[in-house]
Amino acid sequence: MAINLLLPLLLLLLSTFFTRPRSLAVPQQLNNLPENLITYNISTISPSSSLVASFSISPSPSSTTLPVNSPLVPAFFIFGDSSVDCGTNNYLGTFARADHSPYGRDFDTHKPTGRFCNGRIPVDYLALRLGLPFVPSYLGQMGTVEDMVKGVNYASAGAGVIFSSGSELGQRISFTQQIQQFTDTLQSFILSMGEAAANELISNSVFYISIGVNDYIHYYLRNASNIQNLYLPWSFNQFVADSIRQEIKNLYNMNVRRVILMGLPPIGCAPYYLWRYNSENGDCIEEINDIILEYNFVMRYMIGELGLQLPDAKITFCDMYEGSMDIIKNHELYGFNVTTDACCGLGKYKGWIMCFASEIACSNATNHIWWDQYHPTDAVNAILADNVWNGLHTKMCHPMNLEDMVAPTTK
């Protein structure tokens, strides 16, 4: 049995190793950091990329191409990490891949797509709320305006604000590089439809950002480059938040006006950290969650300030920690009876080994909060998407929900 389980993992790792590409360039805004802050190391086999605690109803077999409602906005653009990656890393040399079973087994197509989930990710549910089709990965479409005009997903598993976050996993598209990809998309729109029409499309579209968790999972908490001696948690939180705020300003300068920024989830409750810290009763690791709480506080305050500086923009902060802890604490009300163990994995809390084969997955994920070491199930993703949309289960977004953001203005 052990050989049957380890063989698929060995084949997966070998195939990734031999397709490993070269690393990407360091973004300009990190040039002022100490030299030893930027590292690249692919020798360590680490778990898949990020987490984002979410929650929801199991997916219906609706079409991935034909939304039910007429569009509320022209397009939906997504930046982030594995919490919202819909297939970018399928095209990269990395250990952070979800293009194999049992990922996607409960998705609309019942096949792996690159989503780090058994089914849908939050942005799938939100796209349908907006009356749009599921958003394609930037690397998974043909690059024509027709492919991109209703939205593009630039998210990449393992990506962070700091370029080298997640480097031990292999190649990934950092947040700064995702912004550059959007710049290229915008230029294509301008060439195709003219500057005025392109700017009109962008200013009326929704931009969703879910980034930062890998800067903690794969950088700060790992103490990469001795970062914990260079930055106390408060200073590191400020650095990550400032970097994200600057990128939102860069998007604003490209006529982006509607932005949803997701906070970080309670990764101290993830199966990986329950296993690593040897949690006795499945209790969350408070020292990790305290850092996340502080980061979300800093980020919410900064977004409030940014909203005052950019009065014609609608920018909102959605607290993933708040929404996720509501699910964990009230799990029985939501129908979950497995709150600490992942559905797929090995070891205590299923947090030791990543999800690499169907044989190590539970038969029913609907009663689980966690799908793998870091990522929530489809059921969680759907409920958090409801909260982002209109705060159906608990209020997460400040100062407005997505539904309010896209509501037509009355004169």
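Helix 5 (residues 195-204) has four buried residues to look at: Ala-198, Asn-199, Leu-201 and Ile-202. Buried means under 20% relative accessible area, exposed means over 50%, and partly exposed lies in between, with a 1.4 Å probe and protein chains only. These four residues cover an arc of only 160° around the axis, so they sit on the same side of helix 5. That arc is taken from the directions from the helix axis to the C-beta atoms. The cover over the buried residues of helix 5 includes strand 1, helix 4 (175-193) and strand 3.

This is a predicted model, in which local features need pLDDT of at least 70 and side-chain atom pairs count only at pLDDT 80 or more, while totals for chains, interfaces and linings use all residues. Residues are numbered from 1 along each chain as its sequence is written, and side-chain values use heavy atoms, with hydrogens and water left out.

Now the whole chain. It holds 14 helices and eight strands. Helices (H or I, at least four residues) and strands (E, at least two) are DSSP runs, numbered from the N terminus. Of the 411 residues, 60% are buried. The chain exposes about 16,300 Å², and carbon and sulfur atoms supply 54% of that area. Accessible areas come from the Shrake-Rupley method with a 1.4 Å probe; for residues, only the protein chains shown count as cover. Among contacts with a separation of 6 or more, 76% join residues 24 or more positions apart. Contact means heavy atoms within 4.5 Å.

Six strands form an open sheet in the order 2-1-3-4-5-8, with mixed pairing. Strand 2 (151-153) and strand 8 (397-398) stand at the edges; each has a single partner strand, so one side of each lacks a neighbour in the sheet. Two strands pair if DSSP finds at least two bridges between them.

Walk across from strand 1. Strand 1 (residues 76-80) runs parallel to strand 3 (residues 206-210), and five bridges join them. Ile-78 has Tyr-208 as its bridge partner in strand 3. Strand 3 also runs parallel to strand 4, through three bridges. Here Tyr-208 is partnered by Ile-260 in strand 4. Strand 4 then pairs with strand 5 (residues 314-318) in the parallel sense over five bridges. Leu-261 stands opposite Phe-317, and Met-262 stands opposite Cys-318. The pairing of strand 5 with strand 8 is antiparallel, over two bridges. Phe-317 faces His-398 in strand 8 as its opposite residue.

How well covered is strand 4 (residues 258-262)? Five of its five residues are buried. In a regular strand the side chains alternate between the two faces of the sheet. On one side of strand 4 lie Arg-258, Ile-260 and Met-262, on the other Val-259 and Leu-261, and all are buried. Strand 5 is mostly covered too, with four of its five residues buried.

Next, the cores. In soluble globular proteins, nonpolar side chains tend to be buried together. A nonpolar core is a set of buried Ala, Val, Leu, Ile, Met, Phe, Trp, Tyr and Cys residues joined through side-chain atoms within 4.5 Å. The largest one has 110 residues, and those with the most contacts inside it include Phe-76, Phe-77, Phe-79 and Leu-402. Helix 10 gives the most to this core, with nine residues. A second, separate core has 18 residues, including Tyr-103, Cys-343, Ala-361 and Cys-362. Leu-402 touches Leu-126, Leu-130, Val-206, Ile-260, Val-388 and Trp-389, not counting residues up to four places away in sequence.

Helix 10 (residues 286-309) also holds Asn-289. Asn-289 counts as buried because its relative accessibility is 0%. Its side chain reaches the backbone nitrogen of Gly-268 at 2.8 Å. Residues touched by Asn-289 include Pro-266, Cys-284 and Tyr-321, with those up to four places away in sequence not counted.

Finally, a loop residue. Leu-92 lies in the loop between strand 1 and helix 2 (122-129). Is Leu-92 buried or exposed? Leu-92 is buried, with a relative accessible area of 7%. Its C-alpha atom is separated by 8.2 Å from that of Gly-170, 78 residues apart along the chain. Beyond its neighbours within four places in sequence, Leu-92 is in contact with Arg-97, Leu-139, Ser-156, Gln-171, Arg-172 and Ile-173.

Notes: A polar contact is a pair of N or O atoms within 3.5 Å; within protein, one must be able to donate a hydrogen and the other to accept it, and residues adjacent in sequence count only if both atoms are side-chain atoms.
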